[in-house]
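Here is a short report on the packing inside one protein chain. Look at the structure first.

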Amino acid sequence: MRGAAADALTELEREIDAPGVGLDRLRLVPTPFVPEVRLHLAEDAIVWWARMEAAVGHALPAPYWASAWAGGQALARHLLDHPELAAGRRVLDLAAGSGLVAIAAALAGAAQVTANDIDPYAIAAVTLNARANRVAVDAVGDDLLDSTEADADLVVAGDVFYDRAMADRMLPFLQRAAAGGADVLVGDPGRGHLPADRLTVLANYPVPTTEPSVDSSLRRVQVLRPT
């Protein structure tokens, strides 16, 4: 690991080792809906973000990796409950965030797991979380969405339809991956840009949410695949 991701890893390791408790701390905790997986999560991601930006003196990417998002929790649960989906296969986790789904795939017996995210802090978080769960996950920071091949047997993507720009890039990639022979699974709690008419629902889960700024403590989350 080099460059921005290496710097982010050093910062997160320092955060994890620092003494103290509070809303602005990272804690290694079981994931609510997937307790088999432990993640370094923020007690309050917004408070943590504000403190880190103040400390470094410049803007930082929103710490999506510091929360266990509902779509990722549902996907991870689905993989652990149906390990045959990942066992012995090459798995690509897109917009991996904390690496929750990638780690679940590894625990389910995947032969190779790649977690992809363009945020250097997410790459660092995936590295730390995989280490905490004693699994091998290759964290990659390249933007893969314009590539023509997924180079995986199973592609998983949780919470990726959160805005129009992302949806317009993500759906064609997932469709290309499926056309190329990969199985594709999406986890989504009914976000506004989910292309529901182009996806088939495979499962529904009532998922506890740890996301910031969400009123309900439970969300109905779907696992889907491209039609």
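This is a predicted model: local features need pLDDT of at least 70, side-chain atom pairs count only at pLDDT 80 or more; totals for chains, interfaces and linings use all residues.

## Nonpolar cores

The largest nonpolar core holds 39 residues. Val91, Val113, Val137 and Val156 have the most contacts inside it. Several elements give two or more residues to this core: helices H3 (70-81), H4 (100-107) and H5 (120-132), and strands E2 (34-42), E4 (112-116), E6 (154-158), E8 (199-208) and E9 (218-226). H4 supplies the largest share, 7 residues.

Val113 shows the packing at one site. Leaving out residues up to four places away in sequence, Val113 touches Val91, Ala102, Ala105, Ala106, Ala136, Val137 and Asp138. Another core, of 22 residues, lies apart from the largest one. Leu94, Val160, Val184 and Leu224 are among its members.

## Helix H3

H3 has 12 residues. Its first and last C-alpha atoms are 16 Å apart, close to the 16 Å expected at 1.5 Å a residue. The helix is mostly covered, with 11 of the 12 residues buried. The buried residues include Gln73, Arg77 and His78, as well as Ala70, Leu75 and Leu79.

## Aromatic pairs

The model has 4 aromatic pairs. In one of them, the ring centres of Phe33 and Tyr205 are 5.8 Å apart and the planes meet at 70 degrees, so this pair is edge-to-face. Phe33 sits in the loop between E1 (26-31) and E2, and Tyr205 in strand E8, so the pair ties together parts 172 residues apart in sequence. Both Phe33 and Tyr205 are buried.

Tyr64, Trp69 and Tyr162 form a cluster linked by ring pairs.

Key. Residues are numbered from 1 along each chain as its sequence is written. Side-chain values use heavy atoms; hydrogens and water are left out. A nonpolar core is a set of buried Ala, Val, Leu, Ile, Met, Phe, Trp, Tyr and Cys residues joined through side-chain atoms within 4.5 Å. Buried means under 20% relative accessible area, exposed over 50%, partly exposed in between (1.4 Å probe, protein chains only). Helices (H or I, at least four residues) and strands (E, at least two) are DSSP runs, numbered from the N terminus. Contact means heavy atoms within 4.5 Å. The expected span of a helix is 1.5 Å times one less than its number of residues. Rings of Phe, Tyr and Trp (its six-membered ring) pair if their centres lie within 6.5 Å; planes under 30 degrees apart count as stacked, over 60 as edge-to-face and the rest as tilted.
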